[in-house]
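Let's take a friendly walk through a protein structure. Have the sequence and the 3D view ready as you read.

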Amino acid sequence: MKEDLALASPLAYASDPSPLQDTCVAIAEPKNAVFVNGKFCKNPNLTVAEDFFYSGLDKPGNISNPVGSAVTPVNVAQIAGLNTLGISAVRIDYAPYGQNPPHTHPRATEILTVLEGTLLVGFVTSNPENRLFTKVLNKGDVFVFPIGLIHFQFNIGHTNAVAIAGLSSQNPGVITIANAMFGSDPAVDPDFLAMAFQLEKNMVEYLQSRFWYANN
């Protein structure tokens with residue numbers, strides 16, 4: 001039935017569905033629960049304020065790593081009350097010249113606000129244009145990364161930088177491009193990657209031998 005409605009509709013939506021009730025606090029224990037959108041719902045009569053609360057986003061992440069950044073997520077895994085609400089947040093800390101490497105969120109648009117520092121940010125549109133949109137952001141500036149598009153942030157300042165971002169999914173997901181291609185388990189065939197990226201095979205094998213750090 002759902003498939004028929006999707007085919008009949010002139011529009012198709014690929015985002016978190018609207019909730020059908022006031023709250024659906026995620027719960028691991030299915031006893032006395034209702035299964036909705038990938039998570040069991042806590043009995044509304046047992047819901048408390050703590051189900052909608054998270055403390056700690058004021059604390060900086062550990063930026064002593066190969067990419068010089070740290071992402072602190074606040075999604076349905078941290079706030080169970082976000083289940084079915086279609087929203088989440090992250091804090092991103094950057095060392096001087098640290099970066100949030102090229103990545104994509106398959107289920108969310110992102111809106112980022114710089115709290116401290118100066119960031120070079122950008123995203124690339126889909127084929128065939130692959131158009132780059134980029135901007136230098138300072139404290140108080142806001143930038144949007146459309147759903148599914150590859151994007152990045154780079155701290156071009158001499159001091160640490162901090163940003164907060166909202167995402168239009170309770171579980172936006174993240175695919176870091178280099179990690180996915182060169183750090184997959186099991187490894188992608190190096191001959192394939194050599195042709196795809198127009199590299200020598202030994203360079204691909206070198207990249208696959210590297211440790212690809214995940215900052216989230």
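**Before we start.** This is a predicted model, in which local features need pLDDT of at least 70, side-chain atom pairs count only at pLDDT 80 or more, and totals for chains, interfaces and linings use all residues. Residues are numbered from 1 along each chain as its sequence is written, and side-chain values use heavy atoms, with hydrogens and water left out.

**The sheet.** Helices (H or I, at least four residues) and strands (E, at least two) are DSSP runs, numbered from the N terminus. Two strands count as paired if DSSP finds at least two bridges between them. Strands of a sheet pair through backbone hydrogen bonds, either parallel or antiparallel. Here, 5 strands form an open sheet with antiparallel pairing, in the order β9-β8-β11-β6-β13. The edges are β9 (132–137) and β13 (175–176); each has a single partner strand, so one side of each is left without a neighbour in the sheet. Strand β8 (residues 119–124) joins β9 through 6 bridges in the antiparallel sense. Look for Phe-123, whose bridge partner in β9 is Phe-133.

**The pockets.** On a 1 Å grid over the protein atoms alone, a pocket is an open set of points where a 1.4 Å probe fits, with protein on both sides within 12 Å along at least five of seven lines; lining residues have an atom within 4 Å of a point. Grid points are joined across faces, edges and corners, and a volume is the space filled by probe spheres set on the points. In the table, Ala, Val, Leu, Ile, Met, Phe, Trp, Tyr, Cys and Pro count as nonpolar, Asp, Glu, Lys and Arg as charged, and the others, Gly among them, as polar.

| Pocket | Volume | Lining by class |
|---|---|---|
| Largest pocket | about 270 Å³ | 9 nonpolar, 9 polar and 1 charged residues |
| Second largest pocket | about 200 Å³ | 9 nonpolar, 1 polar and 1 charged residues |

Of the 19 residues lining the largest pocket, Val-71, Val-90, His-105, Val-174 and Asn-216 lie nearest its centre. Strand β5 gives the largest share of this lining, 4 residues. For the second largest pocket, α2 (177–182) and α4 (201–209) each supply at least two lining residues.
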